[in-house]
Amino acid sequence: MKNRLFAWDIIFCVLVVPGMMFLFPVAEWIQWHPDYVFGYLAWLEGVWFMCRKGVGPLMAQDRQGVALAIGSLFVIGVVTFLMTLTPVNFTSPGDTFGSLKLHQRAMWILLIAVVAASLPEGALMTRNKELSTEKDQEETREKAKTALATRKAEAFTDTGGDEIQVKAGYRTVHLPLTAIQFIEGRNNYACFHLDHREDVVSQIPLKNVMEMLPEGKFVRIHRSYIVPAWRIEKRTASAIKLMGIQEPLPVGRAYKEELKSNK
């Protein structure tokens, strides 16, 4: 997609814009100062890139982006108007179109043509990029889910118990081991963070929680955290990243050796 857009940029700037300029009487354009002609050609190509790279993408955003795009188009129009005031050395019968001279009419028509071609392309390019990003993010999430499901299946193929029971208030709650994201200690309470379920808080210290969990499947990484060993995705000397959890969890100094033994 990016290569096709780059190729179209080259074709438009090298062939289309100069070709459009000479749709108007060639003799009159040549009689107009050549430096003015080349300067306006460069301005049109600059407008093309401004609209495709900046103004067009702004049009595809929120109201603030649209307001900025309109302001940018106003500035482009003002600059073009000032350029139409440059002196011309030729006059001929039929050289005016209403109150506009031939070269002025040509400049405005060319500007409108360039803006009309570049704005939709810039907006479309931005939307395609957003869709591509969303697709990549969705694929990444699906891969993460698949990887986590595989880790869970491998971790519990040889485990007899699939859940633990804890007291939460006046009721007993059955917690599937595979649903536990991590366990957080809060004084004498343990908060079980779970997949697709509300947190469960039980009046039990983390030390007792470790005794309830299957050996080797969970590891204590901090005085306030117990994590499933199969969820560990990345680790450093001071923190670990768990699969399916955005924020990393700290590793306590006293638990580094225990964490190393669970590699």
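Trainee: Why is R186 called partly exposed?

Mentor: Its relative accessible area is 39%. Buried needs under 20%, exposed needs over 50%, and partly exposed is what falls in between. So R186 is partly exposed. Keep in mind that this is a predicted model.

Trainee: What makes E184 and R186 a salt bridge?

Mentor: The closest N and O atoms of E184 and R186 are 3.4 Å apart. The cut-off is within 4 Å, so the pair qualifies. Side chains of opposite charge can pair when their charged atoms come close.

Trainee: Why is E184 called buried?

Mentor: E184 has a relative accessible area of 18%. The limit is under 20%, so E184 counts as buried.

Trainee: How many salt bridges does the structure hold?

Mentor: It holds 3. One of them joins R231 and D195, with the closest N and O atoms 2.3 Å apart. R231 lies in the loop between β9 and β10, while D195 lies in the loop between β6 and β7, so the pair ties together parts 36 residues apart in sequence.

Trainee: How do you know whether R231 is buried or exposed?

Mentor: R231 has 0% relative accessibility, so it counts as buried. D195 has a relative accessible area of 16% and is buried as well.

Trainee: What makes E233 and K241 a salt bridge?

Mentor: Their closest N and O atoms are 3.7 Å apart. That is within 4 Å, so the label holds. E233 is partly exposed at 43% relative accessibility, and K241 is partly exposed at 25%.

Trainee: What makes β5 and β9 a pair?

Mentor: 2 bridges join β5 to β9. At least two are needed, so they pair. E184 stands opposite Y225 in β9. In β6, the bridge partner of E184 is C191.

Trainee: What is the strand order of the open sheet?

Mentor: The order of its 5 strands is β7-β6-β5-β9-β8, with antiparallel pairing.

Trainee: Why are β7 and β8 said to stand at the edges?

Mentor: Each has a single partner strand, so one side of each is left without a neighbour in the sheet. On average, neighbouring strands of this sheet are turned by 20° against each other, direction ignored. β8 pairs with β9 over 4 bridges, and F218 stands opposite P228 in β9.

Trainee: Why is V251 called buried?

Mentor: V251 has a relative accessible area of 9%. V251 lies in the loop between β12 and α7. Leaving aside neighbours within four places in sequence, V251 is in contact with residues including I221, A237, I240 and L259. The C-alpha atoms of V251 and I240 are separated by 6.9 Å, with the two residues 11 residues apart along the chain.

Trainee: Which residues form the nonpolar patch on the surface?

Mentor: F74, V75, V78, F81, L82 and L85 form it, with about 600 Å² of accessible area together.

Trainee: How do you know that F74 is exposed?

Mentor: F74, found in helix α4, has a relative accessible area of 59%. Exposed means over 50%, so F74 is exposed.

Note on methods:
Residues are numbered from 1 along each chain as its sequence is written. This is a predicted model: local features need pLDDT of at least 70, side-chain atom pairs count only at pLDDT 80 or more; totals for chains, interfaces and linings use all residues. Side-chain values use heavy atoms; hydrogens and water are left out. Axes are lines fitted to C-alpha atoms, for helices over the stretch in contact, and angles run from 0 to 180 degrees between N-to-C directions. A salt bridge is a side-chain nitrogen of Lys or Arg within 4 Å of a carboxyl oxygen of Asp or Glu. Buried means under 20% relative accessible area, exposed over 50%, partly exposed in between (1.4 Å probe, protein chains only). Patches are made of residues with over 30% relative accessible area and no salt bridge: like charges are joined within 9 Å, nonpolar side chains (Val, Leu, Ile, Met, Phe, Trp, Tyr) within 5 Å. Accessible areas come from the Shrake-Rupley method with a 1.4 Å probe; for residues, only the protein chains shown count as cover. Contact means heavy atoms within 4.5 Å.
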